[in-house]
Amino acid sequence: MLSLESEYRELYTAGVIDDAAAVRTIAAERGTIFSVSEELRVSIYGSVAAITAGIGIYLKANLHRIGSLSLIIVLAVAAAACYLPAIRTWLRHATRSTVRDYLLLLGALIFSADLGYAESQFHWLGSHWSLYLLLLCCAHAVTAYVLDSRLVLSVSLASLAAWFGIEGNVLELLQKGNPLPLYGMRALVCAGAIFAWREVHRRLGAVRQFQETFEHFAVNLGFCGAIALGLGSDTRLTGVAYLVALAVVTIRHGLRNARELFVIYGVAYTALGFLCLEGQVIKGSLSAAVAGLLTIIGAVMVTWHLHRRMKGSEP
């Protein structure tokens, strides 16, 4: 039977494919068992997102028949049912499966929607309604630490970002009249708060895997905040300074700890920031297009150079 194993080994030796790709392809050629955990995680995450969206669409179409109080109770029961398998696994001191982990995420999302809907209907907090986002952040954080779930921790951090006022979508933020500098400062402050949380977590010697979740959130929020500042006419230089400084720190962190995604963050966000800046500053569509093309080419070249550097430093 025709086999391409030798060709794959040559590609791996030449550095064309990495370790993970080589293992998968060679295992497939041999007909042996290979991991599909990442594919499974993506599929389950997509299922959770689809279920959540489907629930929202169904409830919106049938709210007049269900009733507010009945809806709140139904969502609470559904969230509890999603939490139950994870709690049972925790009580048995067993390892939670991937499916149960994402079921726990679905429960956290339903709980968030339920509490938000209840607040919108009964106005328990009055003019301080945004505090429910902070309460959600605390509740999800407790759940994440007790049940050891990075996914629920992500929901907690998203609630914290929303409490800081970083819940608008990108298209709304780019519309004329939106206070981009204010959004940028909020994003930077939120990134600083998450990084401080990460430092406390690290010093207490808690779950190491949580540190990566904190870092990803802080870096993404920090870059978004810097780019938003750069889009404001009065804060343009400040935004560029934050953008470059954050890029240097992030790329150094990625190189030092062999975490290529952080290197990509640094290069990609910096390129995006400069593309936005060029679109505002450079007059003439042709000149802006040429500058944008040069920026993209430069970003690709820097990424390739840093990728080769990381591969060369691996043992």
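Helices (H or I, at least four residues) and strands (E, at least two) are taken as DSSP runs, numbered from the N terminus. The structure is a predicted model, in which local features need pLDDT of at least 70 and side-chain atom pairs count only at pLDDT 80 or more, while totals for chains, interfaces and linings use all residues. Residues are numbered from 1 along each chain as its sequence is written, and side-chain values use heavy atoms, with hydrogens and water left out.

The secondary structure of the chain consists of 13 helices and zero strands. Read from the N terminus, the order of elements is α-α-α-α-α-α-α-α-α-α-α-α-α. Of the 315 residues in the chain, 36% are buried; here buried denotes under 20% relative accessible area, exposed over 50%, and partly exposed the range in between (1.4 Å probe, protein chains only).

Helix H5 comprises residues 98-122. Its 25 residues reach 36 Å from the first C-alpha to the last, close to the 36 Å expected at 1.5 Å a residue, where the expected span is 1.5 Å times one less than the number of residues. Most residues other than glycine have a negative phi. In the loop between helix H4 (68-91) and H5 lies His 93, whose phi is positive, near 55°. With a relative accessible area of 74%, His 93 is exposed.

Helix H7 spans residues 150-163 and includes Arg 150. This arginine is partly exposed, its relative accessible area being 34%. The C-alpha atom of Arg 150 is separated by 9.4 Å from that of Leu 105, although the two residues are 45 apart along the chain.

Helix H10 (residues 209-230) has 22 residues, which should span 32 Å at 1.5 Å a residue; the C-alpha atoms at its ends are 33 Å apart, in agreement with that value. H10 is mostly covered, since 17 of its 22 residues are buried. The axes of H7 and H10 come within 10 Å and cross at roughly 30°, the axes being lines fitted to C-alpha atoms, for helices over the stretch in contact, with angles running from 0 to 180 degrees between N-to-C directions. The two helices are therefore roughly parallel to each other, as angles under 35 degrees count as roughly parallel, over 145 as roughly antiparallel, 65 to 115 as roughly perpendicular and the rest as oblique.

Glu 199 is located in helix H9 (residues 180-203) and counts as buried at 16% relative accessibility. Its side chain makes polar contacts with the side chains of Arg 198 (2.3 Å) and Arg 202 (2.8 Å). A polar contact is a pair of N or O atoms within 3.5 Å; within protein, one must be able to donate a hydrogen and the other to accept it, and residues adjacent in sequence count only if both atoms are side-chain atoms.

The structure holds zero disulfides, a disulfide being a pair of cysteine sulfur atoms within 2.5 Å. Among the cysteines, Cys 82 is buried, with a relative accessible area of 9%, whereas Cys 224 is partly exposed at 30%.
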